[in-house]
Every structure is written in structure tokens, then in C-alpha cells.
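Please take a look at the chain below. A short report follows, under plain headings.

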Amino acid sequence: MEEVPHDCPGADSAQAGRGASCQGCPNQRLCASGAGATPDPAIEEIKEKMKTVKHKILVLSGKGGVGKSTFSAHLAHGLAEDENTQVHQSGSGWSPVYVEDNLGVMSVGFLLSSPDDAVIWRGPKKNGMIKQFLRDVDWGEVDYLIVDTPPGTSDEHLSVVQYLAAARIDGAVIITTPQEVSLQDVRKEINFCRKVKLPIIGVVENMSGFICPKCKKESQIFPPTTGGAELMCQDLEVPLLGRVPLDPLIGIQEFCDLRQSEEENLINS
């Protein structure tokens, strides 16, 4: 897990990547390359592109495996249930893959030759792909852009924040699970957001308890030994948006969707 220095000057500072606290930071080179340099012209291009997107929300967590992608997908589906949301496509730019009339997705997975391929890219190539997703995808008139991010506080996170800075990010939803091993990393993620001046919408405690579908008894699969997300949010003065329990139906539905997609691809081929 890449940790933000305690006294990080921030990515927008003139001392970014050059201060004493930056020594040894995994993001030092990226920050230093932007400090005092000519602004990337893509920032203004992305700002113009994002004028048709009303709200931009990042889904973050310092911890891997806490359910960011699943939560992002369900959040997007929930927002798409609003019948007022409209998507208008044109012939410019890349077109997202539409899973519903008003729900489009863009992923690096669509650009791979096989679902089993590994993405082995260095920072500059990953940052270039993020730039393309924001600048060259024709999102059209939409209400929400949900950005699912990898774990940690790496180049990708800094790139998204910097590229969207001029377009205004509504904020970040931070995902955690109840146990302390997850909360430790999420505290660092909250610190990262504050360092780069990214507003925090709030924290969601995922996998918060499990209710047996037969006996209806609740069990704590990941015990909140240090008070869970609620106490952490109180200590750090960030909103707790809610708790999402473990639900076996989510896994069953995802499996069914995958099977249906595979069958449709087989028929189409």
C-alpha cells in the first residue's frame, strides 16, 4: 500500500515532489513533473468535454477487495433508475458500451483481446488511458459519471484528480469493510483526499454483517473490533453514508449475468 507522506505539500503545490517529505514517496516523480510546469492542455479539453456531465463521483478505498467495483456498479444502476436521466450519443469520440439505455460503461477490459489478459503497463501509459477515457469518450448528456478506481493512492488517483480539477469533481465515496485491517488503509485514503483537496462525500461500510437467508440471524463475518466505520468517521469527522450487508444474492446475480453474456457472445459468433 502506497502511503501519502504525513506532511505532503499536495499535488497542486509549487513544492510538489520537491519537498523533504516527498523523498521516497512513490508519487514523487509524477508530482514533480507537474509542479511549476506548463499545464497539460488536456485539462482544458477534459473540462470542455465534461460540461455535459452534471456530477462526477470517484469511488475510492485504500484497501483492495472491499467491493469498490461492486458498489460502483450498484450505485450506477441505482442512479440509472431515475427516468429523467438521458443519454444522447453522437458520432464523435469513443462510444461507451451501453448495458441499459441510460447506463454506459467504459473499461480497459473492453480493449483487451481476452478477458484473461493482464494489464502490464507503466504509469505513463495508464495515465494516458485515463486521459483518453475522460477526453475522448462521447459520454453525451448524462447526470452522473462514476469513476471506479484501483486501491491505494497511486499515479492513477492523482491523474484523475488533476485531469478533472478544472471540470469540478463533486467528491469521493470511500468504501471500507468493518475490520481494522481495512480501516487502516481507508484512513490513509481520507488523508490523501484532504491533501489533494478532493471533497469527501462520505464513507460506506461494505460487507457489514451477514443475515442468514434461512434463520434470519445476523453474523459478523468481519468483526468491527475497533468500532468499525462509524467510530472512524466520528474520529476523522467525515459522514458515514450507510452500511451494506453481505448478500449472497449479489454473487448469484453477477454469476447469472456473466453466464448470459457468455451465451450471447457464443450465439453472436
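L164 counts as buried because its relative accessibility is 0%. Buried means under 20% relative accessible area, exposed means over 50%, and partly exposed lies in between (1.4 Å probe, protein chains only). L164 belongs to helix α5, residues 155–164. Helices (H or I, at least four residues) and strands (E, at least two) are DSSP runs, numbered from the N terminus.

Which residues does L164 touch, not counting those up to four places away in sequence? They are I46, M50, L58, L134 and I169. Contact here means heavy atoms within 4.5 Å. L164 and K47 are 117 residues apart along the chain, yet their C-alpha atoms are separated by 6.9 Å.

## Basis of the model

This is a predicted model, in which local features need pLDDT of at least 70, side-chain atom pairs count only at pLDDT 80 or more, and totals for chains, interfaces and linings use all residues. Residues are numbered from 1 along each chain as its sequence is written, and side-chain values use heavy atoms, with hydrogens and water left out.

## The chain as a whole

The chain has eight helices and eight strands. It holds 269 residues, and 38% of them count as buried. Take the contacts with a separation of 6 or more: residues 24 or more positions apart account for 76% of them.

The accessible surface of the chain is about 15300 Å². Carbon and sulfur atoms hold 53% of that surface. Such areas come from the Shrake-Rupley method with a 1.4 Å probe; for residues, only the protein chains shown count as cover.

## Helices α2 and α4

Two packed helices are described by the angle between their axes and the distance between the axes. Helix α2 covers residues 41–49, and helix α4 covers residues 123–135. They pack at an angle of about 35 degrees, with axes 9 Å apart. Axes are lines fitted to C-alpha atoms, for helices over the stretch in contact, and angles run from 0 to 180 degrees between N-to-C directions.

From α2, the residues A42, E45, I46 and K49 take part. They meet K131, L134 and R135 in α4. By class, this contact has three nonpolar, no polar and four charged residues. Ala, Val, Leu, Ile, Met, Phe, Trp, Tyr, Cys and Pro count as nonpolar; Asp, Glu, Lys and Arg count as charged; the others, Gly among them, count as polar.

T52 sits in the loop between α2 and β1. With a relative accessible area of 25%, T52 is partly exposed. Beyond its neighbours within four places in sequence, T52 contacts G140, E141 and V142. T52 and E141 are 89 residues apart in sequence, but 4.9 Å apart in space, C-alpha to C-alpha.

Strand β1 spans residues 53–60 and includes H55. Six of the eight residues of β1 are buried, so the strand is largely enclosed by the rest of the structure. H55 itself is partly exposed, at 28% relative accessibility. Its contacts, leaving aside neighbours within four places in sequence, are D143, Y144, L145 and D170.

What pairs with β1? Strand β4 (residues 142–148) does, in the parallel sense over six bridges. I57 stands opposite I146 in β4. Strand β5 (residues 171–176) also pairs with β1 in the parallel sense, over four bridges. There, the bridge partner of L58 is A172. Two strands pair if DSSP finds at least two bridges between them.

S72 is found in helix α3, residues 68–80. At 6% relative accessibility, S72 is buried. Not counting residues up to four places away in sequence, S72 touches V59, I146 and D148.

N206 lies in strand β6, residues 200–211. N206 is buried too, with a relative accessible area of 10%. Outside four places in sequence, N206 touches V66, G67, I175, T176, T177, P178 and V244.

## Cysteines

A disulfide is a covalent bond between the sulfur atoms of two cysteines. The rule used here asks for a pair of cysteine sulfur atoms within 2.5 Å. By this rule, the count is zero disulfides.

C215 is exposed, at 53% relative accessibility, whereas C193 is buried, at 0%.
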